[in-house]
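Biologist: Could you take me through one part of this model closely, beginning with a single side chain and the packing around it? I would like to know how that part is built before you turn to the rest of the chain.

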Amino acid sequence: MSQKKETLDTLHCPQGCPFLEINYFEETQKIPYHCELFNTFLAFDGDIIRCSECVGHEHSIKEQGLNFINAYQGDMVNRNVTKLGFAKLFPAAQKQFVTFMKKFGFQVGVPSSIQSMSLKNLDKVQKYLLQELNKNVVVHESRSGELQEIEDILKKNADSDPEIIDKKSCQLILNLYQVLDISERLVLKNILKNPNLCVLFIAKVRFMPKNMDLLKNVRKEMERFYPDVQAEINAPILPKILQNTNQNVK
């Protein structure tokens, strides 16, 4: 009796794919699955779904949107209500939603904390979801330029120490940058601008446990680097200060 051959799964990402990146850092509020090769976030239906470019044909827009919502991590978004709201959007709005998800992976949906949004008022859910989508498109498009600057700094520094500043470490730094406040972003940017501080900082961060304390530990590490950052910023103006002081003494 011949054994039945297992059907090859061509829909989902194979285990061990070198281009598959998985980030379970919930504070980013992003889908955890990303394809490095095609630079796109990936949907989920129990397994990670290959993007259209990889699988060789276009997935259904509606199906993609629902599976992107499946991929949301954490409990901030009510997935069931968000799915029903998405299903009621016009096809053009569904396509906009899917395009946004592929590019940015940010979890747009109805927050679990809003109790007034329920299955009984889907029109209200639909309107809310569309407003949130349009708002996030504007925010993330404008922010992408800022992230590109950080990415360029990391790529430049990677030439000096590619083993420490590898692609995974760069992506982790970009994820962290997005969840910091404005003042913390400035400190991080100044750390990264200094090649020596950049290597030391990333070496510390990459070996931190990737758990719920990651952000707290990164902030502590930034505090330790802060005096060096301040010294770096103030160094160019110290000679002028000293010169002015000497002139006033005369």
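Modeller: Phe225 touches Ile191, Leu197, Leu200 and Phe201, leaving out residues up to four places away in sequence; contact here means heavy atoms within 4.5 Å. Please keep in mind that this is a predicted model, in which local features need pLDDT of at least 70 and side-chain atom pairs count only at pLDDT 80 or more, while totals for chains, interfaces and linings use all residues. Residues are numbered from 1 along each chain as its sequence is written, and side-chain values use heavy atoms, with hydrogens and water left out.

Phe225 sits in helix 9 (residues 214–234). Helices (H or I, at least four residues) and strands (E, at least two) are DSSP runs, numbered from the N terminus. With a relative accessible area of 7%, Phe225 is buried; that word stands for under 20% relative accessible area, exposed for over 50%, and partly exposed for what lies in between (1.4 Å probe, protein chains only). Phe201, one of its contacts, is 24 residues from Phe225 along the chain, and their C-alpha atoms are separated by 7.9 Å.

Phe201 leads us to the largest nonpolar core, which has 33 residues: Leu154, Ile173, Leu176 and Phe201 touch the most other members. Helix 5 (122–158), helix 6 (167–179), helix 7 (182–193), helix 8 (195–206) and helix 9 are the elements that give two or more residues to this core. Helix 6 provides the largest share, seven residues. A nonpolar core is a set of buried Ala, Val, Leu, Ile, Met, Phe, Trp, Tyr and Cys residues joined through side-chain atoms within 4.5 Å.

Not counting residues up to four places away in sequence, Leu154 touches Ile165, Cys170, Ile173, Leu174, Leu192, Cys198 and Ile202. Another core lies apart from this one, with 26 residues, among them Phe41, Ile49, Tyr72 and Val77.

Now for the helix packing. The axes of helix 5 and helix 7 come within 9 Å and cross at roughly 30°, so the two helices are roughly parallel to each other. Helix 5 brings Arg143, Glu146, Glu149, Ile150, Ile153, Leu154 and Asn157 to this contact, and helix 7 brings Arg185, Lys189, Leu192 and Lys193. By class, the contact has four nonpolar, one polar and six charged residues. Ala, Val, Leu, Ile, Met, Phe, Trp, Tyr, Cys and Pro count as nonpolar, Asp, Glu, Lys and Arg as charged, and the others, Gly among them, as polar.

Helix 5 also packs with helix 3 (residues 79–87), at an angle of about 85° and with the axes 8 Å apart. Axes are lines fitted to C-alpha atoms, for helices over the stretch in contact, and angles run from 0 to 180 degrees between N-to-C directions. Helix 3 and helix 5 are therefore roughly perpendicular to each other: angles under 35 degrees count as roughly parallel, over 145 as roughly antiparallel, 65 to 115 as roughly perpendicular and the rest as oblique. Val81, Thr82, Leu84, Gly85 and Phe86 of helix 3 meet Leu122, Val125, Gln126 and Leu129 of helix 5. This contact has six nonpolar, three polar and no charged residues.

Gln126 deserves a moment of its own. This helix 5 residue is buried, with a relative accessible area of 18%. Apart from residues up to four places away in sequence, Gln126 touches Gly85, Lys88 and Leu89. Gln126 and Lys88 are 38 residues apart in sequence and 6.5 Å apart in space, C-alpha to C-alpha.

To place all this in the chain: the protein has ten helices and three strands, in the pattern β-β-β-α-α-α-α-α-α-α-α-α-α along the sequence. Of its 250 residues, 40% are buried. Among contacts with a separation of 6 or more, 66% join residues 24 or more positions apart.

The three strands form an open sheet with the order 1-2-3 and antiparallel pairing. Strand 1 (20–22) and strand 3 (40–41) are its edge strands, each pairing on one side only. Two strands pair if DSSP finds at least two bridges between them; strand 1 and strand 2 (residues 33–35) have three, in the antiparallel sense. In the loop between strand 2 and strand 3, you will find Asn39, which is exposed, with a relative accessible area of 57%. Asn39 has a positive phi of about 50° although it is not a glycine.
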